[in-house]
Amino acid sequence: MIRRLTLLALCLASLACAAAQIDAAALDCYRVVPLPHSIRAGQGGAFVLDSTVMIRYDDRVAGMERNAGFLSEYIGELLGFTPIVRPMSMRDFHPQTRRHDIVLALSDSVTAPEGYRIMVNDHVVFIAGATPQGVFYGVQTLRKTVARVASRPVTLPAVVIDDAPAYGYRGMHLDCSRHFFDVDFVKKYIDLLAMHNMNVFHWHLSDDQGWRLEIKKYPRLTQVGSQRSGTVVGHNVGIYDNTPYGGYYTQAEALDIVDYARERFITVIPEIDMPGHMLAALASYPELGCTGGPYQVWRSWGVSLDVLCLGNDRTLQFCEDVLSEVMEIFPSPYIHIGGDETPRDRWKACPRDQAAMARLGIDVNHYQAHFTTEIERFINRHGRKIIGWDEILEGDINPSATVMYWRGWLGDEGIRRAARSGHDVVLVPNNYLYFDYYQVPETDDRRYIYSEPLLIGPGATMEQIYGMRTLADELDPESRSHVLGMQANIWTEYIYCPELVEYQALPRMAALAEVQWNMERNDYPGFLSRLTGMRHLYQLHNYRFHPW
Ligand code: TNX
């Protein structure tokens, strides 16, 4: 049970009220990305962050020692010295005590579960949260502040910062099927999420072009399904590179990723896309398809007509077995079951599916929804919830399913429809948040693409993302409460190496972080000037980024 520091909160509150006369410009270093909600001048002098500083943490709180370790590491990377980390008994702590510490603790003065307060005066930097996760975001803000200060030693003006995110779901997705990214890179990607205060990593683990997760009960999924004999060149031009391509994560590796993410307060939501985008599984177990195959792990991009045969009893068994192992590995409250782009052609021609539909008394337009509901029941029985792409709304499914709204071309109406349907919604509109698309402005003659790597199509610039409408202020309160947050997707048909993932993500991820953290955004030039600190961090950690 986490104990709160009420006495401490009172002391902090009194300190916070007595604001000193500090020039607002001096506080500019605290204007990081995403922008904290409130930055006020504090009382006392500036804190000099030099190598005599110690980081102390409340030793009664799980996760706090790790937070302190992260902060020490960040300071080491930025300033070349790593402050000593020590536990401290909060009973002895008083913010007026003269020492030279950074202190991490919980405090009642912060109420939002992911919120934090930073107080700086000449002898202490105090980072308090309602939870260790809130403290983690405070640590990120301090890290990004240090990255913005050019002078040495770094001098931090007295301040009180109060901050908390607007949305509880702040995600990034990575497609590891079309191209495979090794464990080290997945961790580097997770580091990037942490740097942007994001808390969900949506891991796309299966698709037509490769099955990427070891499933003990179905070994052929990785023996066969994780390999393809080649990859199409360009935009599906029908020429293949004939170079075998493959890779997968063992369950031990996946567990390691879950752990790595958890330490950074990031939930990994695994996706097993069904009943479409399943060619890799069909190539491994052809009996799960309508025609019985033979099938090939796909070498092209697009939407395959071959999908799971739902009239075959073994199919539901297969999906449940796979999901059982998935739920063993991933503690996430949500399991993503895909559900996008599932043509009905094969079902219309399949005697087993015809018989199943007749038995159920439904037509083909409600067939996928029936399957989704079965899967949802199974997942709910295990105490978890499903997320699916917005196609799952076609047909009647339970409002308990969370919808990932991606079809941006449905426009505002699409978001409204999703939010009003009673389902929780995560916004991932492709016209803004598909980071596999171009990030340069589109021109009539498509010349914009020549300066960029080959990608799937026109997308959104950083400025467009910064100004993106989320309808948060337009939806009625009931519908608004269903919008959990936002996420950007990186599909990897054309994004064949880690450097390109980074280049597509950065710096647009910074604009997304602003959208996820702040309801109001109205100062793009200000955002750009704050972004210099992020450039510094991207360079320090050797991330590639699109120039800005
Ligand atoms: C649509 S978004 C897809 C993916 C592709 C992506 C390319 C979604 C649910 N399905 O399978 O990779 O477009 O941008």
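Me: Which residues surround the ligand?
Reply: Keep in mind that this is a predicted model. By class, the shell has six nonpolar, one polar and five charged residues. By name, the ligand is surrounded by Arg 178, His 277, Asp 340, Glu 341, Trp 389, Trp 406, Tyr 434, Asp 436, Tyr 437, Ile 456, Trp 491 and Glu 493.

Me: How much of the ligand's area does the protein bury?
Reply: Let's look at the contacts before the area. A polar side-chain atom of Arg 178 is 2.8 Å from a ligand oxygen, and one of Asp 340 is 2.7 Å from a ligand nitrogen. Asp 436 has a side-chain N or O atom 2.7 Å from an oxygen of the ligand. On its own the ligand exposes 360 Å², and the share of that buried by the protein is 95%.

Me: Where does the ligand sit?
Reply: We've just seen that the protein buries 95% of the ligand's area. As for the site, the ligand sits in the largest pocket.

Me: Is the peptide bond from Leu 506 to Pro 507 cis or trans?
Reply: Most peptide bonds are trans. Pro 507 lies in the loop between α16 (498–505) and α17 (508–517). The bond from Leu 506 to Pro 507 has omega near 5°, and it is cis.

Definitions and conventions:
Residues are numbered from 1 along each chain as its sequence is written. This is a predicted model: local features need pLDDT of at least 70, side-chain atom pairs count only at pLDDT 80 or more; totals for chains, interfaces and linings use all residues. Side-chain values use heavy atoms; hydrogens and water are left out. A residue is near a molecule or strand if one of its heavy atoms lies within 4 Å of it. A polar contact is a pair of N or O atoms within 3.5 Å; within protein, one must be able to donate a hydrogen and the other to accept it, and residues adjacent in sequence count only if both atoms are side-chain atoms. Accessible areas come from the Shrake-Rupley method with a 1.4 Å probe; for residues, only the protein chains shown count as cover. On a 1 Å grid over the protein atoms alone, a cavity is a set of points where a 1.4 Å probe fits but cannot get out, and a pocket is an open set with protein on both sides within 12 Å along at least five of seven lines; lining residues have an atom within 4 Å of a point. A molecule sits in a cavity or pocket if more than half of its atoms lie within 2 Å of its grid points. Ala, Val, Leu, Ile, Met, Phe, Trp, Tyr, Cys and Pro count as nonpolar, Asp, Glu, Lys and Arg as charged, and the others, Gly among them, as polar. Helices (H or I, at least four residues) and strands (E, at least two) are DSSP runs, numbered from the N terminus.
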